[in-house]
Amino acid sequence: MLTYILSFLPLSDQKEASLVSRAWYCAAQNALRETNVRYNIPVSSASLPAIKSLGLRGISCISLTNVDGSPASHQVLQSVAYHLGPHLQSLCLSGGSPTEASFMALILGCPALRTLDLSGCNSLFTSGTLLAQPEMAQRVRKVLHGLQELNLAGLRDLADLSFNRLSSCAPSLERLSLAYCHLTFEFGPARGSMGPQDSCPTLFSFQNLLRFVKERAGRLRALDLSGTGLLPEALQALGQVAGLQLQELSLHSCRDLSTESVAALCRQQPGLTSLDLSGCSELADGALLAVSLGLQHLRRLSLRKLQRLTDAGCKALGGLQELRSLDMAECCLVSGRELAQALGSACRAPPPLASLSLAYCSSLKDASVLSLIPELGPNLRVLDLSSCVVLTNRSVQAICTYLTHLSILRLAWCKELRDWGLLGLGEPSEAPAQGIQPRLELEHQAMGPKELSPKPQGPSLLMLRTLQELDLTACSKLTDASLAKVLQFPQLRRLSLSLLPAFTDTGLVAVARGCPSLEHLVLSHCSLLSDEGWAQAASSWPRLQHLNLSSCSQLTEQTLDTIGQACKQLRVLDVAMCPGISMAAIRHFQAQLPQVTCIQSRFVGGADLTLTL
């Protein structure tokens, strides 16, 4: 029963609950062993006891940070192989620089691996000798026989030879990422057919990749070729591989792709459920029409930064009956009118869409949002309208009326939002003689010592009771009058109130009391916040892990002392350009909280920002 109850808590709270007693500790371990819980382990000698402890608990998913070629790093990798290796299913070395010897020692101790992330590990591929010895390759093949997912993104030195050696050791591979690897393209009869014996030791060729896809067509399900400069004829060659039935394909920033090549892909791979075409700048409305006609089972579609996409193309979205995630951010010609009609015309009840991003769609206006939001349905959990700069309170109140189950709401840089909109009040009179009265009324409502909830005439932000993330960055017309009143979300984990010039200590204290579960808080450029406000607020945020206070000009080392005493779980702190905080105070803070792994302290203590040559 205790295990079941603890399963409803977020991960950070489960860790805290495990410290209550031995019974609670044992109950919490069941959830902490879940395969989707990743443990980040810094590679240092201080981590050795923790690695041994995690090994006793059967942890199966880890990420190793700060991996290098030092003897200390080699010792940590050996410890991971010994204590965690036998039951490790997911291993991430992203961005590390392990030696080949250390990597081999680690991999040979992990016979149960299903996921391996080597993105950015260029040190393993620079020499070109990885797995060059047949005996070693045979041992690695036995260990990686069950590997299903391999991430090789961002490897500048990846070549045909090293790719073939590594991929041959993973016969069960289903998911492969080669994002931002340098692919070379040569087409025509001069190349002929290419076999493993023709592998290039210095270049990674598309022909070699195509050979691999043909060999693994019956098993390969997901492919990420983002940023590889994939050509239209290369995409068509991939799509028509016999027996290939891709479910996920990412082509982010493949800028040479044409509408015709995407249309051909949709005909050749109708089983796709996830497609990322973000940043494919040559694509226009025809590509979206082809997607709608050819990919009837699509669930995730990303069209970010398609500058040629217009409302006419959005009409086709009504044909995607199973779509759950749609990203159309930075499509500057999309106004949302046709999108609302497409979703409204679809024969589905309720609509399955769970995530929608229209961030940076500068043509989006209230009229479109008001017609769109009622069509989104109760399944929507994520809505991003950041930098839709002309949206007003009417849009916010529509969100609060129809989308009460939202978990994530991003409204950054929506500069026309005002206090009365968040409070659910009627629009104040615009008469000049009464110009000051509405503001005074709002402040009276917000600051009343006895009244804890507003009396809205319409829906207020308080309707979104399940919010876990809220971004109001640069909504510069908002003040304490609304923020102190509506920011009362017990489940809120992430909050950004940066660049709010009228946000004061009063609002800070009210937010602290109303949102006690915050783990990530951004308050940069809030120049009215002071030490007194933090003295009252900090004790309400014991779970805080990431805190950004950059350019808060009134804060001093007193705030650092307060945070150090109250926020014991803090990991990341940004106090850059805070003139009242000295480097000596930062060093004292680091000694007080050694678990803080990152402190941004650029130009603290009133340092001169003028560049001199």
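Mentor: Let us begin with a term: helices, of at least four residues, and strands, of at least two, are DSSP runs numbered from the N terminus. Please bear in mind also that this is a predicted model.

Trainee: Does Ser 253 count as buried or exposed, and at what relative accessibility?

Mentor: The cut-off for buried is under 20% relative accessible area. Ser 253 counts as buried because its relative accessibility is 13%.

Trainee: Which residues does Ser 253 touch, not counting residues up to four places away in sequence?

Mentor: Contact here means heavy atoms within 4.5 Å. With residues up to four places away in sequence left out, Ser 253 touches Tyr 180, Gly 227, Ser 278, Gly 279 and Cys 280.

Trainee: Which helix gives the largest share of the lining of the largest cavity?

Mentor: The structure holds one cavity of 30 Å³ or more, and the volume of the largest cavity is about 40 Å³. Its lining includes Leu 235, Leu 238 and Gly 239; by class, the lining has seven nonpolar, one polar and no charged residues. The largest share, three residues, comes from helix H10 (residues 232–239).

Note on methods. Residues numbered from 1 in each chain as written. Predicted model: local features only at pLDDT ≥ 70, side-chain atom pairs only at ≥ 80, totals over all residues. Heavy atoms only, no water. Buried < 20%, exposed > 50% of the residue type's maximum accessible area, 1.4 Å probe, protein only. 1 Å grid on protein atoms, 1.4 Å probe; cavity = no way out; pocket = protein on both sides within 12 Å on 5 of 7 lines; lining within 4 Å. Points joined across faces, edges and corners; volume = space filled by probe spheres on them. Nonpolar A, V, L, I, M, F, W, Y, C, P; charged D, E, K, R; others polar.
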